[in-house]
Amino acid sequence: MTTLVRGRGWARTHPLAVDAAVATVVLICMVIGSFAEPNGQRGPTWGTRTPDLPSLLLMVLGAVLLVFRRRAPWSVLGATCAASIAELLTGGPRDPVVMCAVVALFTVAARTDRSTTWRIGLITMAGLTGVAMLSGPLPWYSQENIGIFAWTGMAAAAGDAVRSRRAFVAAIRERAERAERTREEEARRRVAEERLRIARDLHDVVAHHIALVNVQAGVAAHVMDKRPDQAKEALAHVRDASRSALNELRATVGLLRQTGDPEAPTEPAPGLHRLDELVDTFRNAGLPVEVAMGQVGLDLPAAVDLAAFRIIQEALTNVQKHAGAAAKAEVSVVRVGPNVEVTVLDDGPGAGQDGQDGKGDKGDKGAAGHLEGGGHGLIGMRERVGALGGRCSVGPRYGGGFRVHAILPVTAKGGTA
């Protein structure tokens with residue numbers, strides 16, 4: 001920290017001491033100036049006169065008033081102007097008491113607005129200069145009178161300039177602080193969005209694969225004694241599902257690594273090109289799934305491709321968990337104009353139903369299973385679709401079952417087809 005910076009810091013914390021120092025300097029200048037004779041035969045001369053006692057008292061009074069110029073600027077200006085007028089009206093050789101009024105006017109101008117500055121400046125200049133011109137032995141056009149006019153005018157202008165600079169610096173500082181706050185808020189928003197995206201991915205991966213593991217483990221436990229071959233097949237599906245879950249979790253967690261960490265897996269993000277693989281895992285778990293794949297195209301934005309895959313994955317996971325053992329699912333992915341429409345239907349009566357209940361109960365119970373058990377999955381679907389500017393609707397079908405329908409714009413936020 002430089003000496004200048006330390007001095008400015010000290011001055012901000014000790015304003016009264018600074019004002020006392022300024023008042024002392026002004027008093028010294030006034031006393032020295034009172035020994036000068038500006039109208040000598042050969043110009044200004046020094047030591048040819050001495051100030052009288054009333055003038056010295058007025059100079060000391062004006063200097064004392066300047067100590068409080070920042071606490072009561074208007075009062076100090078009025079008092080110093082009165083002391084200056086009293087000195088101008090004495091009629092004898094004038095002493096420079098008006099210097100106190102000049103400093104007080106500068107303080108007022110630096111602490112008020114421009115219009116007030118010029119009003120009070122004109123009043124002060126006209127008042128002091130008028131009194132000086134109309135009183136005393138000197139002619140009205142003397143240099144002393146013109147000097148009073150000039151010094152008061154410069155004090156008002158200098159104070160206004162200081163005020164303008166302070167306002168300019170304050171505005172720049174405020175804009176910088178606002179920009180910093182905006183950057184911090186934007187960073188927090190981006191972090192929150194990224195955390196939400198990672199949470200959705202983790203939920204989709206874990207919910208899908210763990211649901212398959214649960215189903216296959218249940219099958220293995222049920223047929224272990226009577227049909228060991230089928231139990232081995234179910235356990236093989238458990239192994240495959242758990243391996244896939246670990247691979248996808250490793251890829252997702254790899255996004256959170258810092259610079260210098262081991263390289264993250266380079267496997268591409270899942271998309272519709274892996275739809276057949278996804279559907280096979282559900283078929284192996286005992287869920288019949290029919291797929292209708294239209295001419296979607298291979299040029300989908302990565303965000304749209306991933307969202308479509310995750311929506312189908314979550315919807316089929318919910319069918320597996322909540323629609324019941326006799327449920328069937330249908331998956332449809334078609335390109336309609338500028339959008340990709342993803343539809344997943346099931347006809348299940350709901351978990352806990354055997355599929356033989358009356359049709360009047362089947363749809364309601366199946367829908368309840370989806371809506372109550374879906375947890376964050378349905379919320380994640382809507383968030384994914386909303387982030388891309390699309391629409392998502394989920395709900396029971398007429399006559400039973402459940403329907404998930406998502407419309408994903410191909411020209412989405414974050415990419416174009």
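Q: What kind of model is it, and how are residues numbered?
A: It is a predicted model, where local features need pLDDT of at least 70, side-chain atom pairs count only at pLDDT 80 or more, and totals for chains, interfaces and linings use all residues. Residues are numbered from 1 along each chain as its sequence is written, and side-chain values use heavy atoms, with hydrogens and water left out.

Q: Sheet first. What is the strand order?
A: The order is β3-β4-β5-β7-β6, in an open sheet of 5 strands with mixed pairing. Strands (E, at least two residues) and helices (H or I, at least four) are DSSP runs, numbered from the N terminus. Two strands pair if DSSP finds at least two bridges between them.

Q: Which strands stand at the edges?
A: β3 (289-293) and β6 (391-396). Each has a single partner strand, so one side of each is left without a neighbour in the sheet.

Q: And what does the twist average?
A: From one strand to the next, 10°. Axes here are lines fitted to C-alpha atoms, for helices over the stretch in contact, and angles run from 0 to 180 degrees between N-to-C directions.

Q: How do β3 and β4 run, parallel or antiparallel?
A: Parallel, with 5 bridges joining β3 to β4 (residues 329-336). V291 stands opposite V331 in β4. A292 has S332 as its bridge partner in β4.

Q: Which helix touches β3 and β4?
A: Helix α9 (residues 275-284) packs on the sheet there, and its direction makes about 165° with that of β3. Contact means heavy atoms within 4.5 Å. Helix α10 (residues 302-322) also packs on the sheet, touching β3, β4, β5 (339-346) and β7 (402-409). The direction of α10 makes about 175° with that of β7.

Q: Next pair over. How many bridges join β4 to β5?
A: There are 8, and these strands run antiparallel. V334 stands opposite E341 in β5. The hairpin of β4 and β5 has 2 residues between the strands, and G337 takes a positive phi near 60°.

Q: Switching to helices. How do α2 and α5 cross?
A: The axes of α2 (residues 15-34) and α5 (residues 98-110) come within 9 Å and cross at roughly 150°. That makes α2 roughly antiparallel to α5. Angles under 35 degrees count as roughly parallel, over 145 as roughly antiparallel, 65 to 115 as roughly perpendicular and the rest as oblique.

Q: Which residues make the contact?
A: V26, C29 and M30 of α2, with M99, C100 and V103 of α5. By class, that is 6 nonpolar, no polar and no charged residues. Ala, Val, Leu, Ile, Met, Phe, Trp, Tyr, Cys and Pro count as nonpolar, Asp, Glu, Lys and Arg as charged, and the others, Gly among them, as polar.

Q: Now α3 and α5. At what angle do they pack?
A: About 15°, with their axes 9 Å apart. That makes α3 roughly parallel to α5. M59, G62, A63 and L66 in α3 meet C100, V103 and A104 in α5. This contact divides into 6 nonpolar, 1 polar and no charged residues.

Q: Last topic. How many salt bridges does the structure hold?
A: It holds 11 (a side-chain nitrogen of Lys or Arg within 4 Å of a carboxyl oxygen of Asp or Glu).

Q: Where do D19 and R69 lie?
A: D19 is in helix α2, and R69 is in the loop between α3 (53-66) and α4 (73-88). The pair therefore ties together parts that are 50 residues apart in sequence.
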